[in-house]
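The following note sets out some points on this structure for a colleague who has not seen it before. Please read the points alongside the sequence and the model.

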Amino acid sequence: MKALLLLVLTVWSSWPRSGQCALYSSSCSHSPSQWCSSLESAVQCGVLKQCLETNFTRSRQTAESVKVGLYYESLCPGCRGFLTEMLFPTWLLLGDIMDVTLVPFGNAEETLVEKKYIFTCQHGPPECLGNMIETCVMNMTGSAAFQIIYCMESASDVIKAAESCVGLFSPNVNWGNIMSCVKGDLGNQLMHQNAKMTNALVPPHKYVPWVTINGEHTDELEAKAMSSLFSLVCSLYKGTKPEACGTGKDSRHYRSYCLNE
């Protein structure tokens, strides 16, 4: 049932953000995130009308997208709650006016040993593995990455869910290649870049989830993002508001953090 829900969410995220739905063709050989990647794939999957409407909606953007950055840890309970219950649903509705950057590192530490970085994570080696898998997923699966990470973080076991989540949302990507990245130099360097981005935060992060809005973090912005990221993005977008912004405020609140100690 959860896999079916995730598939529905992926299909929804491919459509105009007003929430229109469509039935795709059984002859479709592309993953949902690639349905609108070309005219051929749109026709083959029977979603040409929806793809054209999506492109039209995006072409009407009259201002810069709101940039939301999430600095987090893969096994931090507060991070998982914010990503799956606030950030991802907001992106589904407002993806045309917001850009999301995910940086899995958080309160981890890195040490350079013989030209290779060794990482120590707040919630132990499994979290380091989860961070690394999600980093390699972002590097190798393109537009499907957020759905895959949502799938992982909403599962009861983040690590065990990873392979099936990749297979569901990016079936053309070989899981062995993901793990080669995780265990190799590429993953090591990608995680080092996450560490650099996290350590360059101004002000320095004190906990995770740590949210930036248009590159800025303040206590006020963090509080607004935790109480209703949806309302915050709608209020900050300077262009013509999408239809979804008129649906009212999200009443959910989040105040769960993993402190940087």
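**Notes on the predicted model**

1. T212 counts as buried because its relative accessibility is 8%, where buried means under 20% relative accessible area, exposed over 50% and partly exposed in between (1.4 Å probe, protein chains only). T212 is found in strand 6; helices (H or I, at least four residues) and strands (E, at least two) are DSSP runs, numbered from the N terminus. Leaving aside neighbours within four places in sequence, T212 is in contact with K67, V68, G69, Y71, L201 and H217, contact meaning heavy atoms within 4.5 Å.

2. On the basis of the note: this is a predicted model, in which local features need pLDDT of at least 70 and side-chain atom pairs count only at pLDDT 80 or more, while totals for chains, interfaces and linings use all residues. Residues are numbered from 1 along each chain as its sequence is written, and side-chain values use heavy atoms, with hydrogens and water left out.

3. The chain as a whole has 10 helices and 7 strands. Of its 261 residues, 51% are buried. Among contacts between residues at least 6 apart in sequence, 69% join residues at least 24 apart. The accessible surface comes to about 12700 Å², and 56% of this belongs to carbon and sulfur atoms; the areas come from the Shrake-Rupley method with a 1.4 Å probe, and for residues only the protein chains shown count as cover.

4. V211 is also placed in strand 6. With a relative accessibility of 1%, V211 counts as buried. Not counting residues up to four places away in sequence, V211 touches V68, G69, L70, F82, E216, H217, E222, A225 and M226. V211 and L70 are 141 residues apart along the chain, yet their C-alpha atoms are separated by 4.9 Å.

5. P209 lies in the loop between strand 5 (207-208) and strand 6 (210-213). Its relative accessibility is 0%, so P209 counts as buried.

6. Which residues have the most contacts inside the largest nonpolar core? They are V68, L87, L94 and L229, in a core of 65 residues. Helix 4 (residues 77-94) gives the most to this core, with 9 residues. A second, separate core of 5 residues includes V103, L201, Y207 and W210. A nonpolar core is here a set of buried Ala, Val, Leu, Ile, Met, Phe, Trp, Tyr and Cys residues joined through side-chain atoms within 4.5 Å.

7. L87 may be examined individually. Apart from its neighbours within four places in sequence, L87 is in contact with V68, L70, F82, M98, V100, L102, F146 and L229.

8. Helix 4 is mostly covered, since 14 of its 18 residues are buried. Helix 4 bends by about 40 degrees at L83, the bend at a residue being the angle between axes fitted to the seven residues ending there and the seven starting there. At 1.5 Å a residue, the 18 residues of helix 4 should span 26 Å, and its end C-alpha atoms are 25 Å apart, which agrees. The expected span of a helix is taken as 1.5 Å times one less than its number of residues.

9. N188 has its place in helix 9 (residues 185-199). N188 counts as buried because its relative accessibility is 6%. Not counting residues up to four places away in sequence, N188 touches K116, Y117, F119 and M132.

10. Side chains of opposite charge can pair when their charged atoms come close. How many salt bridges are there? The count comes to 3, a salt bridge being a side-chain nitrogen of Lys or Arg within 4 Å of a carboxyl oxygen of Asp or Glu.

11. R80 and E153 meet through their side chains in a salt bridge (3.4 Å, N to O). This pair links distant parts of the chain, with R80 in helix 4 and E153 in helix 6 (residues 145-153), 73 residues apart. Both R80 and E153 are buried.

12. K67 forms a salt bridge with E64, and the closest N and O atoms are 3.7 Å apart. K67 is partly exposed, with a relative accessible area of 38%, whereas E64 is exposed at 64%.

13. K224 forms a salt bridge with E220, and here the closest N and O atoms are 3.2 Å apart. K224 and E220 are separated by about one helical turn because they are 4 residues apart in helix 10 (residues 219-236). K224 counts as partly exposed at 38% relative accessibility, and E220 as exposed at 53%.
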